[in-house]
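Please open the model in your viewer and keep the sequence panel beside it. The tour below goes from stop to stop, saying what to select and what is there.

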Amino acid sequence: MTTRRSLLTPVAAMPVLLLGAPVASAQPFRLPLTPECSGRGERTIANAEGPYFRPNAPLKQDLAAEIEGGERILLGGFVLDESCRPVPNALIEIWHADDRGRYDQRGYRLRGHQFSDARGLWWFSTIIPTAYWSRTRHYHFKVQRPNDRILTTQLYFPGERRDAQDREFDPRLQMRVTTAEGQPLGRFDFVI
């Protein structure tokens, strides 16, 4: 049975899992620089949109709730500018295949969007997609600063055996994947 507590627990835990410290002690401008944000004006690179994008995905962060099966994962990070400052209210849209390599083309299963908070923090609860055809496991994203251009890219898992076969794969777009409290956690900071 779904309860308010079961829905809010991942939300409350996400900043702690991402930062390794309670939100109250996290100062956005004092976060350590990450490989994605060097502070030298290096933006996250674009990557192919692919054929399965559908506009108007609903506002939602918990994509895992709408699907049976699949291994759950929390995806999250920050949206930052080229100087590694947080970008609040950035649009983050995600879509991806299910655990059988299928995309929902009629509805919005495993599709959604949200906006980064005042610290630039974003997160989604979803599943780990499977590899399919010539593609390694990946997530599609669109990220947009308010009233600015859209970054279309993909995020990848580290160490996948199919990476070398995937023409779209770029190692600069690999997430850092760890496990916290038995749950896989994928982190990536978008620099736009």
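A residue is called buried when its relative accessible area is under 20%, exposed when that area is over 50%, and partly exposed in between. Asp-81 has a relative accessibility of 7%, and therefore it counts as buried. Please keep in mind throughout that this is a predicted model.

**The whole chain**

If you then colour by burial, buried residues make up 47% of the 192 residues. The accessible surface comes to about 10000 Å², and 51% of it belongs to carbon and sulfur atoms.

Whereas Asp-81 is buried at 7%, Arg-85 has a relative accessible area of 41% and so is partly exposed.

Strands of a sheet pair through backbone hydrogen bonds, either parallel or antiparallel. Next, select the four strands that form an open sheet in the order S3-S2-S5-S6, in which the pairing is antiparallel. Strand S3 (111-115) and S6 are the edge strands, each of them pairing on one side only, and the twist from one strand to the next averages 20°. Zoom in on strand S2 (residues 91-95), which is joined to S3 by five bridges; if you pick Glu-93, its bridge partner in S3 is His-113.

**A network around Asp-98**

Now select Asp-98, Arg-102 and Arg-109, which are linked in a network of salt bridges. Between Arg-102 and Asp-98 the closest N and O atoms are 3.2 Å apart, while the side chains of Arg-109 and Asp-98 meet at 3.3 Å, N to O. Both Arg-109 and Asp-98 lie in the loop between S2 and S3, 11 residues apart. Is Asp-98 buried or exposed? Asp-98 has a relative accessible area of 0% and is therefore buried, whereas Arg-102 is partly exposed at 42% and Arg-109 is partly exposed at 26%.

**A last stop at Asp-163**

Finally, select Asp-163 in the loop between strand S6 (150-156) and strand S7 (176-180), where its 9% relative accessibility means that it counts as buried. Leaving aside neighbours within four places in sequence, Asp-163 is in contact with Thr-136, Phe-157, Phe-169 and Gln-174. Thr-136 is 27 residues away from Asp-163 along the chain, yet their C-alpha atoms are separated by 5.6 Å.

Key:
Residues are numbered from 1 along each chain as its sequence is written. This is a predicted model: local features need pLDDT of at least 70, side-chain atom pairs count only at pLDDT 80 or more; totals for chains, interfaces and linings use all residues. Side-chain values use heavy atoms; hydrogens and water are left out. Helices (H or I, at least four residues) and strands (E, at least two) are DSSP runs, numbered from the N terminus. Buried means under 20% relative accessible area, exposed over 50%, partly exposed in between (1.4 Å probe, protein chains only). Contact means heavy atoms within 4.5 Å. Accessible areas come from the Shrake-Rupley method with a 1.4 Å probe; for residues, only the protein chains shown count as cover. Two strands pair if DSSP finds at least two bridges between them. Axes are lines fitted to C-alpha atoms, for helices over the stretch in contact, and angles run from 0 to 180 degrees between N-to-C directions. A salt bridge is a side-chain nitrogen of Lys or Arg within 4 Å of a carboxyl oxygen of Asp or Glu.
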